[in-house]
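Try each task before reading its solution.

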Amino acid sequence: DQLHAKEVKNALFLQRVVRGHSGRLLAEIFRIDEERKMKELRSAICIQCAYRSHKGREIFAVESALKEMKYKARPLYAMLQAQENKLVDITLMSSGLEESMKLAETDLIELEKELSLIKNSKLKYWDSDRITGAPQRYLTKLLKVRLQEQHKEAQLSFENLKDEIAKCQVRKREISRQIRNINRELIPLTIGVSEKTKRDRSERIRTEVRKL
């Protein structure tokens, strides 16, 4: 009995020692893990702060460079604005001419239909609103002559409108080409300046970091 009691006591003692050691070991592992997590968190926060600070200063530097370059490029911007205004004007003019041409074409077709009917008619008199705008009765032969004159005038007017529209299209292409050329000249002064400022700043920071 005494031996058994001694064995139980020794077993409990060993269990207590093992459990204590295991608990302290787990606590140490937990502490080390928590310290690692906090260190990683502080590092991440530090990197985020540094990155945001870098981007903020970079944006300011880019805006300053663009502002300065925009001042220097004022003549180009003025030319661009003038050409864009011309393009708007010529586009509006072209639209108006196209609408007039559609109306002229419709009127020409109607006139040709009426003239064709009169040419094939054997009636002595013919009612038409083509001359005065109000329906009136005319001698068919006289009306045919007058409508033929109107047809020539309408055809000439239609052809003139087509020519004017073609000239507008040529002018629009020319203005668009000039706008593209100006924009190409502005690219190095806008996008190019922005990219160069970013590259120069990144290179300067890398140089400074290497010196540490």
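**Exercise 1.** Leaving aside its neighbours within four places in sequence, which residues is E114 in contact with?

*Solution.* Some ground rules come before the steps. The model is predicted: local features need pLDDT of at least 70, side-chain atom pairs count only at pLDDT 80 or more, and totals for chains, interfaces and linings use all residues. Residues are numbered from 1 along each chain as its sequence is written, and side-chain values use heavy atoms, with hydrogens and water left out.

Step 1. Locate E114: helix α2 holds this residue. Helices are DSSP runs of H or I, at least four residues, numbered from the N terminus.

Step 2. Apply the contact rule, heavy atoms within 4.5 Å. E114 then contacts W126, D127, S128, R130 and L147.

Step 3. Look at the side chains. E114 and S128 are joined by a polar contact of 2.7 Å. A polar contact is a pair of N or O atoms within 3.5 Å; within protein, one must be able to donate a hydrogen and the other to accept it, and residues adjacent in sequence count only if both atoms are side-chain atoms.

**Exercise 2.** Is E114 buried or exposed?

*Solution.* Step 1. Take the cut-offs: buried is under 20% relative accessible area, exposed is over 50%, and partly exposed lies in between (1.4 Å probe, protein chains only).

Step 1. E114 has 15% relative accessibility, so this residue counts as buried.

**Exercise 3.** Which side chain does the side chain of Q83 make a polar contact with?

*Solution.* Step 1. Find Q83 in helix α2, residues 74-119.

Step 1. Its relative accessible area is 11%, so Q83 is buried.

Step 2. The partner is the side chain of Q178, at 3.2 Å. Not counting residues up to four places away in sequence, Q83 also touches others, including I175, I179 and I182.

**Exercise 4.** At roughly what angle do the axes of α2 and helix α3 cross?

*Solution.* Step 1. Axes are lines fitted to C-alpha atoms, for helices over the stretch in contact, with angles from 0 to 180 degrees between N-to-C directions.

Step 1. The axes of α2 and α3 (residues 140-186) cross at roughly 160° and come within 7 Å. α2 is therefore roughly antiparallel to α3, a label for angles over 145 degrees.

Step 2. By class, the α2 contact with α3 has 25 nonpolar, 13 polar and 13 charged residues. Nonpolar covers Ala, Val, Leu, Ile, Met, Phe, Trp, Tyr, Cys and Pro; charged covers Asp, Glu, Lys and Arg; the others, Gly among them, are polar.

Conventions:
Helix = DSSP H or I, 4+ residues; strand = E, 2+ residues; numbered from the N terminus. Parallel < 35°, antiparallel > 145°, perpendicular 65-115°, else oblique.
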